Amino acid sequence: MIKKAPLGRFLSGNPYPNGLTDGLFYREKMRAIHRVAPSETGGFGRVLEIGGGRSGLASILYPEAEIVTLDIDPELGEHQPSWARSTFICGNACSLPFADDSFDIVTLFDVLEHIEDDRRAAQEALRVVRPGGYVLISTPEAKWHYPYFRVMKRHCPHESELMREWGHVRRGYKDPELAALFDRPPERRATFINPATAFFHDVSFSRLGRRRRKVLYALAAPLTVVGYLMHRPSTRGTETAFAWRK
C-alpha cells in the first residue's frame with residue numbers, strides 16, 4: 001500500500017520554472033488533483049498514467065508507487081523527467097495493452113479532451129483498474145474561455161489557436177457528460193482556476209515579454225493570492241479534477 005505525497009511536497013514538483021506566476025494555473029491544477037486523489041493506492045501500488053507527456057505527475061503524487069506511463073507519441077519516451085521512476089509504453093488510450101484489473105489507480109490528466117472516442121478511453125481506464133481502485137482525471141469545463149480576453153486580446157492568442165496548438169478535439173465537459181462516459185457520477189470533484197486567479201492564467205499564455213508580465217503579476221497579486229487561498233473544491237472554476245471509484 002503506497003501513500004500519497006503530502007500537499008506541499010507534491011506542489012513543489014510543479015514543472016513550471018515560475019510556479020507562482022506563469023505556472024500558478026498548474027499549481028492550482030495540482031492542488032485540485034491532490035484533493036480528489038485517494039490518500040493510499042491500496043493493492044500493490046501500481047499506477048497507470050495515460051498521456052503523461054513530460055510532466056510525470058503520477059510519480060510526484062505517489063512517489064513510492066510503481067508507475068507505468070502510456071502515451072501515443074513514442075518520442076515522449078525519450079523526454080521523461082530524469083527523476084520520474086516510470087516505465088514508458090507507447091500505446092493508445094482506446095486500446096490499452098493491459099489485462100483487466102491491472103492497476104490500483106489510472107490517471108487521465110488533461111487527456112480526454114484530446115481523444116475523439118472519449119467513451120472508449122474512459123471504459124478502457126475502468127477496465128484496467130482493479131475493483132475498489134480509482135480513475136483520476138482533470139479536464140476543462142465545457143464553457144471554458146478567457147475570462148479577460150476582451151481586455152487581453154491584443155496580447156493573447158485566440159482560444160481557437162490555443163486549442164489547435166494543444167490538440168483539443170473538444171472544449172471540455174459538463175459534469176453529466178463525464179458521468180455518462182464512466183456510467184456513474186464521480187466520487188469526488190474539485191475545481192480550479194477561478195475569476196480571481198484566471199488573470200495570471202491569461203498573462204502566462206500571453207505574448208507579453210517577461211518585464212511586462214512581471215508588472216501585471218505584481219499589480220494583480222493581492223487579489224490573486226486571496227482567490228487562491230479562498231478557493232474550495234466546490235468553488236466555481238474553469239477546470240475540474242474528478243475521481244471515480246470502480
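How many nonpolar, polar and charged residues does the lining of the second largest pocket have? I will come to that in a moment, but please keep in mind throughout that the model we are looking at is a predicted one.

Let me begin with the question itself. The lining of the second largest pocket has 4 nonpolar, 6 polar and 6 charged residues, and the space that lies in this pocket is about 350 Å³. There are 16 residues that line the second largest pocket, and those closest to its centre are Glu141, Lys143, Arg236, Gly237 and Thr238.

Now let us turn to the largest pocket, in which about 1100 Å³ of space lies. Here 38 residues form the lining, and if you look for the ones closest to the centre of the pocket, you will find Gly51, Phe109, Asp110, His114 and Trp166. When these lining residues are divided by class, 20 are nonpolar, 10 are polar and 8 are charged. Among the contributors, H2 gives the most to the lining of the largest pocket, namely 3 residues.

Rolling a probe the size of a water molecule over the atoms shows where empty space is left. In this structure there is 1 cavity of 30 Å³ or more, and about 40 Å³ of space lies in the largest cavity. Its lining is made by Trp144, His145, Tyr146, Pro147, Ile193, Ala198, His201, Asp202 and Thr238, and by class these residues divide into 5 nonpolar, 3 polar and 1 charged.

Finally, I would like to show you how two helices meet. The axes of helix H4, which covers residues 118-128, and helix H7, which covers residues 175-182, come within 8 Å and cross at roughly 55 degrees, and that angle makes H4 oblique to H7. On the H4 side, the residues in contact are Asp118, Arg119, Ala122, Gln123 and Leu126, and they meet Ala180, Leu181 and Phe182 of H7. Taken by class, this contact of H4 with H7 has 5 nonpolar, 1 polar and 2 charged residues.

To go back to where we started, the lining of the second largest pocket has 6 polar and 6 charged residues, beside 4 nonpolar ones.

Key:
Residues numbered from 1 in each chain as written. Predicted model: local features only at pLDDT ≥ 70, side-chain atom pairs only at ≥ 80, totals over all residues. Heavy atoms only, no water. 1 Å grid on protein atoms, 1.4 Å probe; cavity = no way out; pocket = protein on both sides within 12 Å on 5 of 7 lines; lining within 4 Å. Points joined across faces, edges and corners; volume = space filled by probe spheres on them. Nonpolar A, V, L, I, M, F, W, Y, C, P; charged D, E, K, R; others polar. Axes fitted to C-alpha atoms, helices over the stretch in contact; angles between N-to-C directions. Helix = DSSP H or I, 4+ residues; strand = E, 2+ residues; numbered from the N terminus. Parallel < 35°, antiparallel > 145°, perpendicular 65-115°, else oblique. Contact = heavy atoms within 4.5 Å.
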